[in-house]
Amino acid sequence: MFFKEFEVRWSDLDANRHLANSAYINFMSHTRMSYLTQLGFAHREFETHGIGPVVFYEHIYYFREVFPGKPIKVSLEFTGMSADGKFFEFHHNFYDARGKHLAHCEMMFSWIDMNTRKLVPLPQEVLATFEDQEKAESFRTLTKEDTRRHAKVPKDLA
C-alpha cells in the first residue's frame, strides 16, 4: 500500500472549519501522481506517450471530521485494472496521526490520448510496470461491465 502524508492547511478548510470536499479530491490526486511518479510514470512520460489520466468517478465516504493542526495520511490501493490497461481502479483511505480512519474513496479512471481525445490503453512497456505492482487483496481484472456498473449516462437539456 502506498501512503502520502499531508499537512491540513488553512486553505484546505471550508466554512465549517474542517477539511473541505475539494481538499479530499486534491489530496487524492496528489497521492495518485506521487504513486505514478514513484513508478517512473509522471508528467514527462505522459507527454512522451501523448496521454493523460481522466477520472470517471470518485465516491467518497466520510467517517470523521478532519481539522488543521495534525498531519493526515492518504493511502492508495491498486484494486483493479482492465486486461489492456485502459481502465484502472484505486481506493484511497484517509487516516489521522493516530491511525484513525477518517474517510474512504473508490475511484475509477482511464487514459486519454491528448490528440484524439479518445480513451486508450497504456503502451505495453508502461502496462508491464503496473502488472508488477503490489495489488490489494480485492484486486480484480476490470471488465466492460465494471466500467458501466453505475449506469450513468448524460441527459442533455436540448
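Helices (H or I, at least four residues) and strands (E, at least two) are DSSP runs that are numbered from the N terminus. The views show a predicted model, in which local features need pLDDT of at least 70, side-chain atom pairs count only at pLDDT 80 or more, and totals for chains, interfaces and linings use all residues. Residues are numbered from 1 along each chain as its sequence is written, and side-chain values use heavy atoms, with hydrogens and water left out.

**View A. Arg17 in the loop between strand E1 (2–6) and H1.** The phi of Arg17 is near 65 degrees, a positive value in a residue other than glycine. Most residues other than glycine have a negative phi. Arg17 has a relative accessible area of 58% and is exposed (exposed means over 50% relative accessible area, buried under 20%, and partly exposed in between, with a 1.4 Å probe and protein chains only).

**View B. Arg117 in the loop between strand E5 (101–113) and strand E6 (119–120).** Here too phi is positive in a residue other than glycine, with Arg117 near 60 degrees. At 51% relative accessibility, Arg117 counts as exposed.

**View C. The buried residues of helix H3 (residues 124–131).** Val126, Leu127 and Phe130 are the buried residues of H3. Seen down the axis of H3, these residues fall within an arc of 100 degrees, so they line one face of the helix; the arc is that of the directions from the helix axis to the C-beta atoms. On the other side of H3, Gln124 and Glu125 are exposed.
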